[in-house]
Amino acid sequence: MILIKLLLRIIFLIIAVAAAVLCLHVDVNIMNNGLSETSLTEVVQESILLLIVVIHFIRVRKSSVQRQCNVLIAGFFLAMLIRELDGIFDLIHHGSWVWFALLSSIVSIGYVLRTPSLVAKQLVDYARTPSYGLMVAGLATVLIFSRLFGMSVLWHDILQEGYVRVVKNMVEEGVELFGYILCLAATVNLLHVKQPDEEGN
């Protein structure tokens with residue numbers, strides 16, 4: 001049974017990664033939208049972020065054992081989702097996404113800081129789970145690797161006279177989507193972790 005579950009997780013990850021590449025193909029070869037804010041790749045990124053936020057809030061509701069930790073993670077990814085939706089918030093006022101992201105961060109951090117020793121313990125416990133490594137790898141991919149690998153100066157040097165911006169965008173957004181998939185995989189893993197106070201236990 002354990003081997004079957006492991007195999008299913010591997011298959012899920014393979015399909016998810018293949019789907020990420022498919023999104024890029026659709027955007028570039030079919031929709032010809034140059035990976036704009038309304039591209040399939042962007043929509044999938046935002047959908048993944050929303051899923052991550054929802055799953056962690058479900059964990060908040062179902063269990064108090066990791067409640068503060070889940071609130072903190074959900075708040076962090078909610079801020080990232082707001083950043084990805086900056087085009088919508090620009091309809092209110094240009095750059096207004098910053099204030100909404102800041103608000104979500106302040107609320108989540110303010111909530112967990114009421115019990116700092118408890119959240120510290122929960123973060124240590126979370127760091128001992130298999131999800132932690134995947135989550136850190138995903139965040140490093142999104143926040144660091146995709147930014148460095150997608151630098152315009154690098155692609156100008158690589159492509160020289162043949163530089164086309166969509167190539168740089170495709171690489172950057174593709175790597176970013178891969179990172180989000182890793183974060184989602186880490187989050188989905190939590191659904192299989194039963195806590196002592198969860199309903200049904």
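Analyst: Cys183 is buried, with a relative accessibility of 0%; here buried means under 20% relative accessible area, exposed over 50%, and partly exposed in between, computed with a 1.4 Å probe on protein chains only. The model is a predicted one, in which local features need pLDDT of at least 70 and side-chain atom pairs count only at pLDDT 80 or more, while totals for chains, interfaces and linings use all residues. Residues are numbered from 1 along each chain as its sequence is written, and side-chain values use heavy atoms, with hydrogens and water left out.

The cysteines may be taken next. No disulfide, that is, no pair of cysteine sulfur atoms within 2.5 Å, is found in a search of the whole structure: the count is zero. Cys23 is in no disulfide, and the nearest cysteine sulfur to it, that of Cys183, is 16 Å away. Cys23 is also buried, at a relative accessible area of 8%. For Cys183, the closest cysteine sulfur belongs to Cys69, and because the separation is 14 Å, the two are too far apart for a bond.

Cys183 is also one of the residues touched by Phe77, along with Leu49, Ile52, Val53, Met135 and Leu139, when residues up to four places away in sequence are not counted. Contact here means heavy atoms within 4.5 Å. Phe77 and Ile48 are the residues with the most contacts inside the largest nonpolar core, which has 22 residues. Such a core is a set of buried Ala, Val, Leu, Ile, Met, Phe, Trp, Tyr and Cys residues joined through side-chain atoms within 4.5 Å. At least two residues of this core come from each of helix H1 (2-31), helix H2 (40-62), H3, H7 and H9. H9 gives the largest share, seven residues.

On a 1 Å grid over the protein atoms alone, a cavity is a set of points where a 1.4 Å probe fits but cannot get out, whereas a pocket is an open set with protein on both sides within 12 Å along at least five of seven lines; lining residues have an atom within 4 Å of a point. The lining consists of 15 residues, with Arg83, Glu84, Arg147, Glu173 and Glu176 nearest the centre of the pocket.

Helices (H or I, at least four residues) and strands (E, at least two) are DSSP runs, numbered from the N terminus. The C-alpha atoms fill a box of roughly 60 × 45 × 25 Å along the principal axes. Of the 201 residues, 38% count as buried. Among contacts between residues at least 6 apart in sequence, 70% join residues at least 24 apart.

Some individual positions complete the picture. Ser96 lies in the loop between helix H4 (86-89) and helix H5 (97-112) and is buried at 6% relative accessibility. Apart from neighbours within four places in sequence, Ser96 is in contact with Phe89 and Asp90. Gln160, by contrast, is exposed, with a relative accessible area of 52%. Gln160 sits in the loop between helix H8 (152-159) and H9, and its phi is near 50°, a positive value in a residue other than glycine. Pro116, in helix H6 (residues 116-127), is partly exposed at 47% relative accessibility. The C-alpha atoms of Pro116 and Gln68 are separated by 9.2 Å, although these residues are 48 apart along the chain. Arg9 belongs to helix H1 and is partly exposed at 36% relative accessibility.
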